[in-house]
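Here are some exercises on strands and helices, each with a worked solution. Take a look at the model first, then try each task before you read on.

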Amino acid sequence: MRFLLDACVWGGARRVLLDAGHDVVSVVDEGAADPGDVQVLARAVEEQRVLVTLDKDFGELTILRGAKHCGLLRLAGISARSQGQSILEVIDAHGAALAAGGIVTVEPDRVRIRPAG
């Protein structure tokens with residue numbers, strides 16, 4: 001899968017995903033300041049990537065404001081060092097929903113899925 005990691009996602013998660021064979025870039029790759037949520041989401045759409053974030057503001061942008069996206073994975077309350085493995089587990093269990101443009105929220109004790117619609 002193709003992913004864009006938001007600036008708030010632990011950098012080590014990228015290595016975990018790359019090692020598993022995924023195409024991964026990060027908002028912080030260019031070394032510039034975080035461009036803001038609207039621009040991050042636009043980049044994910046432009047590059048056809050699932051956006052991975054800890055930030056619930058992307059839910060507001062996509063669900064309430066109807067902003068276009070190519071799938072959204074939000075990690076809520078997942079420790080930094082567990083983020084990469086959590087993402088891999090979501091891909092295994094719910095990759096089809098993400099690939100179809102769904103929104104998946106991962107919490108320590110549950111996973112919520114909002115299918116693309």
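Strand β1 (residues 2-5) pairs with β2 in the parallel sense, over 4 bridges; two strands pair if DSSP finds at least two bridges between them. This is a predicted model: local features need pLDDT of at least 70, side-chain atom pairs count only at pLDDT 80 or more, and totals for chains, interfaces and linings use all residues. Residues are numbered from 1 along each chain as its sequence is written, and side-chain values use heavy atoms, with hydrogens and water left out.

**Exercise 1.** Find the residue in β2 that L5 stands opposite, and the unit that β1 and β2 make with helix α1.

*Solution.* Start at L5: the residue opposite is S26 in β2. Next, follow the chain through α1 (residues 11-19): β1, α1 and β2 make a right-handed β-α-β unit. Helices (H or I, at least four residues) and strands (E, at least two) are DSSP runs, numbered from the N terminus.

**Exercise 2.** Work out the order of the strands in the open sheet and name the edge strands.

*Solution.* Step across the 6 strands and you read β2-β1-β3-β4-β5-β6, with mixed pairing. The edges are β2 (23-26) and β6 (110-114), each of which pairs on one side only. Inside the sheet, β4 (residues 72-75) and β5 (residues 103-107) run parallel and are joined by 4 bridges.

**Exercise 3.** Describe how α2 and α3 pack.

*Solution.* Two packed helices are described by the angle between their axes and the distance between the axes. For α2 (residues 37-46) and α3, the angle is about 65 degrees and the axes are 10 Å apart. That makes α2 roughly perpendicular to α3 (angles under 35 degrees count as roughly parallel, over 145 as roughly antiparallel, 65 to 115 as roughly perpendicular and the rest as oblique). Now list the contact, meaning heavy atoms within 4.5 Å: D37, V38, V40 and L41 in α2 meet D57, F58, L61 and T62 in α3.

Key. Axes fitted to C-alpha atoms, helices over the stretch in contact; angles between N-to-C directions. Right-handed = clockwise from strand over helix to strand, strands pointing away.
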